[in-house]
Amino acid sequence: MKILSLNFLTCAVKACKSTSGSYPLHPKDAELVEDDLEINSDLLLNVMTRIDWTALSTTATELGFPSLPAQAPTKEELEGDEKMLKDLHHLLMETQMMEGKLVCGNCGHEYAVREGIANFLLPAHLV
Amino acid sequence: MQQSTTPAAADADAPMAAAAAAAAASQQPSSSGSAALHAAAPPSASGNGMQPPITATAAATAAAVMPVPPSGQNDSTTATATSKGSSLSLTANTAPAAAAAPPSTAASLAASSSAAEAADYEAEHVHAVYESIAPHFSATRYKPWPVIADFLTSLAPGSVGFDVGCGNGKYLGVNPGVHMLGSDRSASLVSFARDHGGAERSQDVAVADGLALPFPEGRADFAICVAVIHHMSTRERRREAVRALLDCVRRPSAGGDGEDGGQILVYVWALEQSNSRRGWDESTEQDLLVPWVMKQKKEKKEKKPKTKKTKAGAAGGDGEEEVVVEAGNDAGGSNDPPPPADTTYQRYYHLFRKGELEEDVEAVGGKVVRNGYDKDNWWVVASRCSS
């Protein structure tokens, strides 16, 4: 599961969704792998406006990446900054969480990640 | 993948008639000609949530005119059935149990007390089945449907969206310019979906229930949901599933033309498919159990194609087929126990009548953008309202 996808995941418990603590989910005991992928500039440049930058910064810090800039780069800035584009490509697309847990900051439920697949099925008492 | 021994299964146009014949053979070995297709009432449709699902048998006339495969000659019979392309028509069997399972109406909307039972019913007649048939199901589903592929390829670069009920993930890589996250209730199918693009291009997937999605509110540019919502056994749950999809996508900006929001694309099986091999029409019971037959491969048979491809466009699409697939002897290992007998799995379906999907979309605040009928399915593209 790519780090980009973590930016679009939250707790599956209905009551949690409206709370600020449920997003982003917090990686725990995360095992990461790095893929070697070609940069898809068209996707990357245009996906920036869709990303919740604050959440991404949190996720990156929790996974041990260097701090991101306080503000998301604009498309224009990114087009002129090959290094930043490459760094973002590495973080968002090439880094995958393969094992570990994703933890809701509101209810505390831990969703297991195995072989890159997160399992969001809820135990009966949380449905 | 287990395609090597399943050429018939790998054909997305695998013969429904053959499935019916095989179902008849496996369940009615006396060749009575009465295939056991079940019309089943989901818990709420029975009008009494405390009742177990009612099962009614309906005579499948196709089975009477189709050669029922004698045991041991399944392969040749399957091929025959395909070339004839006969349609299966459910006769209006007025068994008492069928009468007790009227098409869903307002009166059959699930009371809250039966919601858990509806979930249990789907766990048995949908989730467990897909877990069991996942490898064979996946091997028969590889070709994207054009309407869906067009929807995906028309998305702006950098779009982000979800495929809810992604099955084996055949849509996840259709547009490499967008980011898609697939989810499915079946962990087995999700594993197939992850690897759909090959080991070098793994897809992002998660195991999740369509009624408890782990997606944040209003963020996605799009969400697709193909051949999923017809597995929900009450109208209330079907509408909740549509609502869950709409919740994922962006609202249009206030005061705008309403077209800048995210969109959902939903496909469901149609009641009206009198031109299909199944021959269902408006008089058909809307809530059905549809068999999936896994035939056991005979060890001595040669591995060669047993069916001819039917014409493109002639099939009902590969999302919804009753398929005879052959399991066994492709797992390697000479110490395998003797294969079990043919296995028939019954999947629950709610067949949508014309206009019903649009009603469900609008009932939960969606706005129909466009809609249509495509190869035995109703589909709709919808957006949220701006406020």
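**Close-up views of a predicted model**

**View 1. Glu122(B) sits in helix α6 (residues 115–139) of chain B.** The structure shown is a predicted model. With a relative accessible area of 2%, Glu122(B) is below the 20% cut-off and therefore counts as buried. A polar atom of the Glu122(B) side chain lies 2.7 Å from the backbone nitrogen of Ser233(B). Beyond its neighbours within four places in sequence, Glu122(B) is in contact with His127(B), His231(B), Met232(B), Ser233(B), Thr234(B) and Arg237(B).

**View 2. An open sheet of 11 strands includes strands of chains A and B.** The strand order is β1(A)-β2(A)-β3(A)-β4(A)-β5(B)-β4(B)-β3(B)-β6(B)-β7(B)-β12(B)-β11(B), with mixed pairing. At the edges stand β1 of chain A and β11 (366–374) of chain B; each has a single partner strand, so one side of each has no neighbour in the sheet. From one strand to the next, the twist averages 20°.

**View 3. Strands β3 (residues 160–164) and β6 (residues 222–226) of chain B pair in the parallel sense.** Three bridges join them, and Gly161(B) has Phe222(B) as its bridge partner in β6(B). Helix α7 (residues 146–153) of chain B lies across β4, β6, β7, β11 and β12 of chain B, at about 170° to β6(B). Helix α9 (residues 235–248) of chain B also packs on the sheet, touching β3, β6, β7, β11 and β12 of chain B, and its direction makes about 155° with that of β7(B).

**View 4. Helix α6 (residues 82–94) of chain A has buried residues.** These are Leu85(A), Leu88(A), His89(A), Leu91(A), Leu92(A), Met93(A) and Glu94(A). Their cover includes α1 (3–6), β1 (26–34), α3 (41–47), α4 (53–62), α5 (75–79) and β2 (95–103) of chain A.

Conventions: Residues are numbered from 1 along each chain as its sequence is written. Chains are lettered from A and ligands numbered from 1 in the order in which they are written. This is a predicted model: local features need pLDDT of at least 70, side-chain atom pairs count only at pLDDT 80 or more; totals for chains, interfaces and linings use all residues. Side-chain values use heavy atoms; hydrogens and water are left out. Buried means under 20% relative accessible area, exposed over 50%, partly exposed in between (1.4 Å probe, protein chains only). Helices (H or I, at least four residues) and strands (E, at least two) are DSSP runs, numbered from the N terminus. Contact means heavy atoms within 4.5 Å. Two strands pair if DSSP finds at least two bridges between them. Axes are lines fitted to C-alpha atoms, for helices over the stretch in contact, and angles run from 0 to 180 degrees between N-to-C directions. A polar contact is a pair of N or O atoms within 3.5 Å; within protein, one must be able to donate a hydrogen and the other to accept it, and residues adjacent in sequence count only if both atoms are side-chain atoms.
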